[in-house]
Structures are given as structure tokens and as C-alpha cells.
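Colleague: I would like to learn how the features of a protein model are read. Please take me through several of them.

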Amino acid sequence: APDIPVIDQAYSKLSNSITVEWRAVPGATNYMLTAEDGDSFIETIVKNSPGTVTGLKPATLYRITVRSINSGGKSQPSSFRKVKTVLAAPTLSVHSPSCDSIAVSWKAVHTAAGFSVSLMRSDGLGRMQKQNTTNTSLIFTNLDPGTLYTIKAYAWNANGMPGDDFTYNQRTSPNAPVDVKVAFNSGALRAVVSWMPTEGALTYSVTVSSGLLKLRCNTSSASCVVPSLQCSSQYYVSVTAYNDAGPSEPTDAVSLKTVPCAPINISIEEDEPGHLLVSWSSVSLGHYYVVFVKSDDGLEVHCNTSYTQCHFQSNCGFTYFISVFAYNKAGQSPLGDVFNYTTAPCCPSDFRAVFMSSDTVRVTWAPVRGADLYETRAAGGSGVVLCRDTATACTLSALRCSTPYNITVYSFSEARGSNTSCAPQRVATAPCSPEIKNISKEGISVISVQWQPNNEEATYVVTARGEAGLWHCTSTRNSCTLMDLPCGSVFSVSAIARSPAGQSLPSYSIPLETAPCCPYDLTLAQVTQSVTNISWSVGKGAQTYVTALESPKGQAKCHTLQTYCLLGCITCGTNYTVSLRAISETGLTSSCTYQGYSSSACCPSGVKLYRLSNNGIRVFWRASDETINYKADLHGSKGNFSCTPNSGLSHCDITKIPCGDVYTVVVAPVTDKGPKLTFCPKKIYS
């Protein structure tokens, strides 16, 4: 193997490499350079000195050795040299915040003590600016707008050793254009914007804004055409220059006012006979207006005003052609609509209006020259009734009731409506039919009727018509009362109105049903100890009935279509109140009250029989009430027998009974009146 090399020097000029110089070894064909940092090592084969080890880490201390190589093998490593790689270059982020400045920023570099940043025009003109800093950003100012600059930066360590450098080219943004001029073409509604070119600008953008509306025109030249502008608008025009560094500041806005729009909402009317009033809506940016009026005989007049209306004299039967223009410093508005107005012929004469009925009037008049047809108008209340005909007579029908009408006849031409100065004739119609709003029950046979009082100075008559006869009531207000109407009856109620102008048609009829009549007769009969039968006579107008027996001990009720009812759950020996409700087919109800009812005394309990002898028995029982007297009855095929105990006793004896028979024994309360009770329990005795 060859001899061991001797390192003369080792140094780092780049952050990822170390260069080594050594004395040549005789017989060596190659050399192996090794760089170790304690964690890893990198080997490189070179031909001769000097040699460079690459792929290293920035700002890292390495041990450098060299071994010579030939066909016989490798020498031992040389004595090591310690060398530290230089710092890595900072990575720059550069932009131009304004036309005369460039901002530079970078991330911190490991073990860097400071940074040097230099800037110079890329074309070599001017002087170089250099700044040293320990921060990670800085700004170069007082630069030339729209100019390309070269920025170079590197970091140094605590020993002042510089690291790798980083080079970046950045252009400053352009200056705002100057001498902006706007030329407006009123006929085409467009503007030509021009300016002086600015240094370093690649393109220009023209912004024309009005409120939320923005129009833009982009160009690389020094002028731009902005089409499609709106009339009656004020625009603000600004120009911005652009290059690869960004936009310039926009120029100060130049105000542009366009011509006013053509006036709209033009109305033409004869405010009085012989005078035309032309009016229109105010136009934004309009300083004054000119109205041209030309009649069909060729005569033309005009009116110049700063207001929104003009007056012209007119004659009946003429046609006028009218146009309105608005003006400002920018010029005349575009041509708007041209209107024509034809005055109406004169009013008809010999006018007559005659009522044929309460809602119909016939109108006649003398003809007038120039009228194509005639319009008859009856105006009253909130409505107007019209009649148009070529004849000199017209019949107006379907007039509103209780309304004074002003009836006017206008002569009419197809080109323009009628003359509005004709005098009317006043006629009043008959009252309106009342509208019944409510019918309410005030008493058993008293009904209150209410209606809408839709007439002035009218008297109202209400009629109830039914099979039972006619009933009437009269009032000048909005209600009246029908008295003594029979129960269980159906009526048709209507109303009419009367006034000096005549009588109205009757109102729509409202059906009226009085409550059903209460039955005259009601009978109660006890069927069993807990069941009572109630029957009654028919109540006129009633369809169903609800009967009820009530006491402090409870209530029994039934609802039926019949005239009788069985009520259960009756308590014996109890006083009940009796009530009945008669209900009509439509649900009307009459509540009827009758005399009270007392249920029968309770049957005794615990009836027992004991033999006294061959021809006698003793009957025992438990009385439900000590004040009630009882009687025992014995029924058989050979005869009937009975016994009644002395007061206060609950037994009695029956003797001399034929033997050899089967008897039925019943103990029942003794009643002072009414039939004998037959529903008490029976006992069999043999």
C-alpha cells in the first residue's frame, strides 16, 4: 500500500462541502477523503489534490482524513483536521409593497449571528445598497419605480465567517399614470380615457365606477375606450398600472357626468278646458327641459323650463304631437317616446235624464259635430256606471241603490276620450235592500232582528212569514223586535227599506225556527222498585226529548224519540224533581218543568215464614223504615189470605189456611193512595 498522505490545509467555502489540500504520495493512483461528524461519515474518491467532500450539513464540525490508494491497497488514514462547514444561505421572500420600495424577509438560519443583504439595479446603473442586520426582514426604500433590482443575501457566524449567498431578482411596482384625460361621446354614450405611459408598466386597467356598478378596460397601450355607459349617471374614472411586481396606486378619480336620460312618465292632460298640461318625472343630472308641441295643422311651439311641467293652450278636436328633452353640460338627452294627444269634442246639449225604474235611467241629448260616439257616465258612491253608443240616447242600468248619481254625457272620439267639462245632472235611486246580520232570541216568544243600516233617512219593515201567519216590526235604526211568535213554528224573515225615493227590494230571507213547545201532559208510573215509566203528550216542533229525575241521592235521565221513557236506578222512598227538554230537529231546546215525584216506599227485606199449627203461619220481615206500615198477602189455589201487624211490629199471623196447598206470600208497604205495589219479592210456602 502507498504511504499515508499529509494534509496541508482543509477549509469550507460552501455550506455543503469541505475542500482538502495534501502532498502527493508517490505511487498513489487515487485518494479517499472522509468527513465524520460523530453521527455519520461521507467518503469521496478523488484523483489528486485538492479534493472536495460534498453532501455535508451546514454549520457542522467535521473530522477530515485522507487515505492514498493504489493496486496494493489503501494506506492508513492521515492525521485528521477539524473543519466546520459555513452557514447555509437564507431563503428570501421578496415583494414590492410600493413603487419605490422592496421588502425582503427570510427565515432564521441556524447559528447565524447576522445577515448581509445588498441591492443593486440589474442594469448596473446607480449605486449598490447594503444593509447588515440581526433581524429576519428589512425594506429598501427610495428606489426607482418599475425597475428590476438584484438582491443578494448571506448569513455569517459569530466569527464573522460568511455563509452561502442567495440571489433574487425583483422589480418595483410601477408609478401611477399621470395626465389622465376623459373624452365623452354623448351620441354613442362611451368615453375615451388616455394618459401618459409610466416607467416599467406592462399593462393598464381603467376602472369606471358608479355606485355598485364597475366597468373595466384593460390595455397595454396608453388609451382605452369604455363603451355602454348609462345616461343620467356620474362615473369616477381611475387608471392603474401593472407589472409583474403588482399594481400601482390608482390615479385620483376623474369625475364624468353623462347626458341625462330621456324624461319618462310623461303625462298629458287637459287640466281645464282649452289648456294642456304636460308633466314628466325629474331626470337625474338634468339641468333644464325643453318640450316641443306640434299640432296637426303644422304649428309648433316649445317651452323651456327647469321644472317638470309645462302649460299649453289647446283647442277641442286637435291632435298634438309632444316630445320632451333633458339637457345638461354634457349635452341633450336621447330621443324618448313621442306622444300624441287629441282633444275631445265639445259637450252635447239638450241633456235629459229620466228614471225608468229604481235602478234604470234613460238619457237623451242633441248631437255634436266631430263626435264618433258618446259616453254616458253615472257617478255615485264609490262606483261609476258607463254607457257608450253612437246614438244620442243611452239607458243606464244596474245603478247602485240609495245613491245620488251625477249623470254626465261626454262626446267621444276614437283618438282621444271625452270632454271632462260637461255639466252633470243629479238623480237619486231608491233605498238598498237591507242585509239581515243577526236574528237572536230575546225571550220565549220574542225575537230580535238586526240588519246593516245601509241607507240614509230610511224606514225598515221586518216581516216574519210562516204557516202560523205574518208578524211585523218597524224601525228607523238597525234592529227591531218581533213579539208573540208561537213556539214550534218555522218562519221566513225578510226586511225592506222605504224612503222618499221609493221602496227597496226585499232582503234575502233568513229562516227562523222557534223553540219547540213543552208537552202539556206528563205521567209517571212506578214499574218496579227501581224503574219508573214516564209518558207525555207530543210537543209541537220537538223531535227528541230528554227527561230527568233528580234528587240528592242521584239522577236518572233518558234521551228518546218516543213520548215515553223507562228510567232505572230509582231509589225507593225518595222525592224527585221532574224535568223535560224538548229538542227540535235543528237542536233548538225548550226546558220544561213539572210537579215533583215521590217513589214508592221500599219493600221489606229478610222475609221469613214459620208454621204455627197445621192451619197457620207467621210472617217475619225487616222494615226499611219504622214509620212504614206493611201488609202480608197469601195467595193459593184454595183461597187468598192477608194480615196486617200492629203499628211498630214487623210480623203478623195468618190462620185458618186450608192444608195441602202451595201458597205465594208477598209483604209490601201499605200506600195511602195509588195502586197496590206488586213488585215486592215473593216467598213460596207449602
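Modeller: The turns that follow treat single residues, strands, a sheet and aromatic rings.

Colleague: On what basis are the values computed?

Modeller: This is a predicted model, so local features need pLDDT of at least 70 and side-chain atom pairs count only at pLDDT 80 or more, while totals for chains, interfaces and linings use all residues. Residues are numbered from 1 along each chain as its sequence is written, and side-chain values use heavy atoms, with hydrogens and water left out.

Colleague: Let us begin with a single residue. Where is Ser101 found, and is Ser101 buried or exposed?

Modeller: Strands are DSSP runs of E with at least two residues, numbered from the N terminus. Ser101 is found in strand β10, residues 101-106. Buried means under 20% relative accessible area, exposed over 50%, and partly exposed in between, with a 1.4 Å probe and protein chains only. Ser101 counts as buried because its relative accessibility is 6%.

Colleague: Which residues is Ser101 in contact with, leaving aside its neighbours within four places in sequence?

Modeller: Contact means heavy atoms within 4.5 Å. On that basis Ser101 is in contact with Ser96, Ile139, Phe140, Thr141, Leu143 and Thr172. A polar contact is a pair of N or O atoms within 3.5 Å; within protein, one must be able to donate a hydrogen and the other to accept it, and residues adjacent in sequence count only if both atoms are side-chain atoms. The side chains of Ser101 and Ser98 are joined by such a contact, of 2.6 Å.

Colleague: Which residues does Asn455 touch, and where is Asn455 found?

Modeller: Asn455 is found in the loop between β40 (447-452) and β41 (459-466). With a relative accessible area of 11%, Asn455 is buried. Not counting residues up to four places away in sequence, Asn455 touches Ser402, Pro431, Cys432, Tyr460 and Ala497. With Ser402 there is also a polar contact between the side chains, of 2.9 Å.

Colleague: How are the two faces of a strand to be read?

Modeller: In a regular strand the side chains alternate between the two faces of the sheet. Strand β17 (residues 190-196) has Ala191, Val193 and Trp195 on a covered face, and Arg190, Val192, Ser194 and Met196 on an uncovered one.

Colleague: In what sense do β16 and β17 pair, and over how many bridges?

Modeller: Two strands pair if DSSP finds at least two bridges between them. Strand β16 (residues 178-185) pairs with β17 in the antiparallel sense over 6 bridges, and Lys181 stands opposite Ser194 in β17. The two strands form a hairpin with 4 residues between them, and Leu189 in the turn has a positive phi of about 50 degrees. β17 also pairs with strand β20 (residues 223-226), antiparallel over 4 bridges; there the bridge partner of Ala191 is Val226.

Colleague: Which residue takes a positive phi in the hairpin of β26 and β27?

Modeller: In that hairpin, which has 4 residues between the strands, Gly298 takes a positive phi near 95 degrees. β26 and strand β27 (residues 300-305) run antiparallel and are joined by 6 bridges, with His302 in β27 as the bridge partner of Phe292. Strand β26 (residues 288-295) is also joined by 8 bridges to strand β29 (residues 319-328), again antiparallel. Val291 stands opposite Val324 in β29.

Colleague: In what order do the 4 strands of the open sheet lie?

Modeller: The order is β35-β34-β37-β38, with antiparallel pairing. The edge strands, β35 (383-389) and β38 (425-428), each pair on one side only. Between strand β34 (residues 373-380) and β35 the pairing runs over 7 bridges, and Ala379 stands opposite Val384 in β35.

Colleague: How many aromatic pairs does a search of the whole structure find?

Modeller: A pair of aromatic rings is described by the distance of the centres and the angle of the planes. Rings of Phe, Tyr and Trp (its six-membered ring) pair if their centres lie within 6.5 Å; planes under 30 degrees apart count as stacked, over 60 as edge-to-face and the rest as tilted. The search finds 14 aromatic pairs. One of them joins Tyr610 and Phe620, whose ring centres are 5.1 Å apart and whose planes are at 90 degrees, so this pair is edge-to-face. Tyr610 lies in strand β54 (residues 605-613) and Phe620 in strand β55 (residues 616-622), so the pair ties together parts that are 10 residues apart in sequence.
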